[in-house]
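Please examine the model shown here before reading on.

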Amino acid sequence: MAASGGQRFRAGQPGIALKVYALLAFLFLYIPIVMIVIFSFNQSRLGAVWTGFTLDWYRTLFQNETVLLATRNTLIIALASTAISTVVGTLLGAGLARYAFPGKRLFLWFMYVPVVIPEIIMAVSLILFYGLVSQNSGAWANSLLAYSQEAGGLLALLASGLGQLARQVSSFFQLGLGTVILAHITFQIPFVAIVVRSRMAGFDQSLEEAARDLGANEVNVFRYVTLPLIMPGVIAGGLLAFTLSIDDFVITFFTSGPGTTTLPVYIFSAVKRGVSPDINALSTLIILVTVVALLLFNWLQSRTTPSSAAGGSSREDS
Amino acid sequence: MTKPAPPWRGKRGQILATVGPGVLWITLLLIIPSLVMLAYSFLTRYRFNRVGYPWTLEHYGTFLGFTQLGYDPIYLSVFGKTLLVAGGVAVLAVLIGYPLAFFIARSGPWKTLLLTLVIIPFWTNFLIRTYAWILILASNGPVNSGLQLLGITGEPLALFPSLGAVFVGMVYAYVPFLILPVYASVEKVDWSLVEAAADLGANRLRAFWYVIVPQTLPGVIVGVLLVFVSALGNFITPALLGGSKEVLIGNVIQQQFGPALNWPFGSAISFVVLGFVLMALYLYARAAGQKGLEVLN
Amino acid sequence: MRKLVAIGLVALLSLGLAQTRTLHLLTWSEYIDPDIVAQFEAEFDARIVIDTFESNEDALAKLKAAGLGVYDLVVPTDYIIPTFLELGLLQPLDHSRLPNLDNLAKNFRNPPFDPGNTYTVAYQWGTTGIAFRKDIVEPPTSWEVIFNPQSHGHPVALLDSMREMIGLALLYLGHDFNSENREELVQARELLIRAKEGSIGFYGSPAARNLLLTGDAVYAVVYSGDALGALAEGLADIDFVIPSEGGEIWVDNLAIVANAPNADLAHEFINFILRPEIGAQLSNFLAFSTPNQAALPFIDEALKANPYIYPEAQVLERLHYIEDVANLELWDLIWTQVRAR
């Protein structure tokens, strides 16, 4: 393992040049964000002149119906998608950590596809897919329902039922909240799986084996022993999924329908029309939420089981 | 990793139960749509985006430059430009991000704090981070006002929109993508080797280049890959910071699924880009092998 | 801060308890007086949800993407209506529910693109020209300020709309606004590419107007009302002109989407807009031109006197409508070449 701090060798400790460079880099990372926060309190509507402190922009934000609707949509989508993706992703991560099977190597790469694929391509393929499903199920619905009018008895009942089902499917796949949620879940699952899987990497299996020896079946072992132990990791994964959903723009932009605007999509249309202080206020709030979520995530990750590697801090990148 | 997992043969049910749903989902909502997209790219587009048979290669032909007005490789040049921009962004990201990641990894007790400080911008909404540059570079924004105040310029400079602004915006957005994998790599560096190099008489620079860099290379490559792929598909930054003057391949794709209403052509372009990305990943997989996967965790 | 959060939460919750009758309107951005929206919602105990677009092609894409049965009303421009009809996107109007239809001026009854107002009712009409900062430059007399920005060095914003930008380039070159001649189109393309290089980019009309307000642009290609309406006021001196080579005239129309979820409410909305006071309020706010004869007496004198909002005959004869072209793919290609080079 890495021996931290090669004391004698000078390159072990960062030199002055590196420190200065790092400081500049940090400034580069933070100044834009800080700017937005500062300007959200600026009285002046445009420009860099500080004309006074005000909370006006925050007030108008809460009165803006479109923003409130967008916030509501963002939360609904995030909560629904996180719930499902956390479950599926945890199972996936656990399975990958636990079991070896043929083709696993190929499979791991398969799982990383949603992570590395350019978002626009994923979004665009989903539109095509949704359109196809919606149109075809709509066509089936029509023919089934037409058939059920003419036919009689049990067959008509069956056709009618299936027709109704097809009709529901068709309208579900028309762009709206449902389509967005499905899309979000798709890119969230791998992230949750990665987090859970790495959580289980340093896992001590003796407790599980003890449970098995005592006669518990696999499901119960998972439910009563494994799950509670990896729970911080599961929650961390869920939090990651939640943040990904709230932040997502590209995929939501393409797969959302009317009335299902989310905050990022709203910000995009507003920003296309130029700088505005409401956006500054909105952005500041979102930054705040992000920071809180991040601190939470950090805290959860630090609650490691003893056998986990010391690098329990958030090294979780994509 | 952990103790060797039990043999899979007796665990088929468990494997299916845990891994199954995830696989099914990704197959249904990612793999199949991609195949649908592939199919679309070979269909004919009729007026107003009605799509139907016959199968045709015309969209790939259009991408290669065969148009009504004769040969014009616009799409190829846009794609080429995008590759260059993405590459440039990746290089800049390395220049900015690598030293920073190195610094953080070597900061001892400050590590966690500094890392958290880096992650905050990373988790902040992409649009907000792009918008910040509009705010900063606008003609009545801080940069211009500052320059005018200091007497350096008389009139506001047109910093934005411009290709430069697009570059800055993208580098800013993607640097964190690079810092994290590099950081992970630096953490794993075996410093005893560095000491050994010192003992053998190498100076700082040589030790860095011959001992540290190779060990951090996997992290750098992962980071570069992430930055490059993200920049490749980016259409937001050129639209917001480039005034829609600079068109990258992401914008072209977006237009096909937006106002231009040409889904088959859009699918064809997407597929070319996707093929490119998959190929890059494949090469990475061959080069990095199993180790490469580990860094991603 | 806590109070704000509390207000926010209450607002969020109350949104869920909102009235059930909802009207889904798909229209141009910043194209209605928010006060009119409020009045309608109050009087008809309904909610209006507005989604916006920046160009007709954008509208078509959004409508197709959303599918039918989602939007109630859409506001397309004259030239794209035949396309909408061909694609089956609109449903016929029930004139018996539109008693105020008679308020429309005669030349908007029975328009060429929709005989008998079967599907559409004129909403606003207007012109496309050059908006400029009159505190910085003189009123332009030619489109040269737009197509040759390098000659004056001020920042210029172009309109992100294919038919309009290419058409205006053709006009400037002395050709037909709807030309299908290859050489002419190629000339227009070259002109546009050079203009693009000297400009600050392509924008929707409201966005271009905002750039004028902040000083990021000094000249911009915009729609008449965007330059002169309520939203352009106060912060800077903007004026609007149509140069000698000519410009565009257009009519935007209210139309009910096929399979609209709430066609009844949609009819009520159209009828509401056709009221004289509402029509006047709309046009006074937007500074676009009203097709509503009965509203004319209530329009601001200043607006009525503006030759580019209510043009007289001499101006009218150099204004052109966009017309259907047979080879739209050629225009598409030219536009792509302009954007991508």
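Predicted model: local features only at pLDDT ≥ 70, side-chain atom pairs only at ≥ 80, totals over all residues.

Visitor: How many residues of chain B are in contact with chain A?
Guide: On the side of chain A, 93 residues take part in this contact. By class, that side has 64 nonpolar, 19 polar and ten charged residues. The partner side, in chain B, consists of 95 residues.

Visitor: Which helix gives the most to the side of chain A that touches chain B?
Guide: Several helices of chain A each supply at least two residues to that side, among them α3 (65-98), α5 (119-150), α9 (218-247) and α12 (277-302). The helix that gives the most supplies 14 residues, and that helix is α1(A).

Visitor: What is the handedness of the crossing of α7(A) and α1(B), and how many nonpolar residues does the contact have?
Guide: The crossing is left-handed. From α7(A), the residues L182(A), I185(A), T186(A), I189(A) and A193(A) meet G22(B), W25(B), I26(B), L29(B) and L30(B) of α1(B). By class, this contact has two polar residues and no charged ones, and its nonpolar residues number eight.

Visitor: How many residues of chain C are in contact with chain B?
Guide: Chain B contributes 23 residues to this contact. Its side has twelve nonpolar, nine polar and two charged residues. On the side of chain C the number is 26.

Visitor: What percentage of the residues in chain B are buried?
Guide: Chain B has twelve helices and four strands, and its C-alpha trace spans about 75 × 70 × 35 Å along the principal axes. Among its contacts with a separation of 6 or more, 69% join residues 24 or more positions apart. Of the 297 residues in chain B, the buried share is 52%.

Visitor: Which two residues of chain B are joined by a cis peptide bond?
Guide: Most peptide bonds are trans. In chain B, however, one bond has an omega of about 5°. Its proline lies in the loop between β2 (50-52) and α2 (58-64). The two residues are Y53(B) and P54(B).

Visitor: What distance separates the centres of the two domains of chain A?
Guide: Chain A is divided into domain 1 (15-53) and domain 2 (55-119 + 176-302). Eight residues of domain 1 are in contact with eight residues of domain 2. Taken over C-alpha atoms, the centres are separated by 29 Å.

Visitor: What distance separates the centres of the two domains of chain C?
Guide: In chain C, domain 1 covers 15-123 + 251-309 and domain 2 covers 126-248 + 315-340. Here 16 residues of domain 1 are in contact with 23 residues of domain 2. The side of domain 1 has nine nonpolar, three polar and four charged residues. The distance between the centres, over C-alpha atoms, is 26 Å.

Visitor: How many residues of helix α6 of chain C are buried?
Guide: Helix α6 (residues 162-172) of chain C is mostly covered. Its buried residues include the charged R163(C) and E164(C) as well as L168(C) and Y172(C). After α6(C) comes G174(C), with a positive phi near 90°. Of the eleven residues of the helix, the number buried is eleven.

Visitor: Is D45(C) buried or exposed?
Guide: D45(C) is found in the loop between α2 (34-44) and β2 (47-53) of chain C, and its phi is positive, about 50°, although it is not a glycine. D45(C) has 10, so its class is exposed.

Key:
Residues numbered from 1 in each chain as written. Chains lettered and ligands numbered in written order. Left-handed = near helix turned anticlockwise from the far one by under 90°. Contact = placed C-beta atoms within 7 Å. Domains from an automatic or database assignment. Buried ≥ 20, exposed ≤ 12 C-beta atoms within 10 Å, placed from the backbone.
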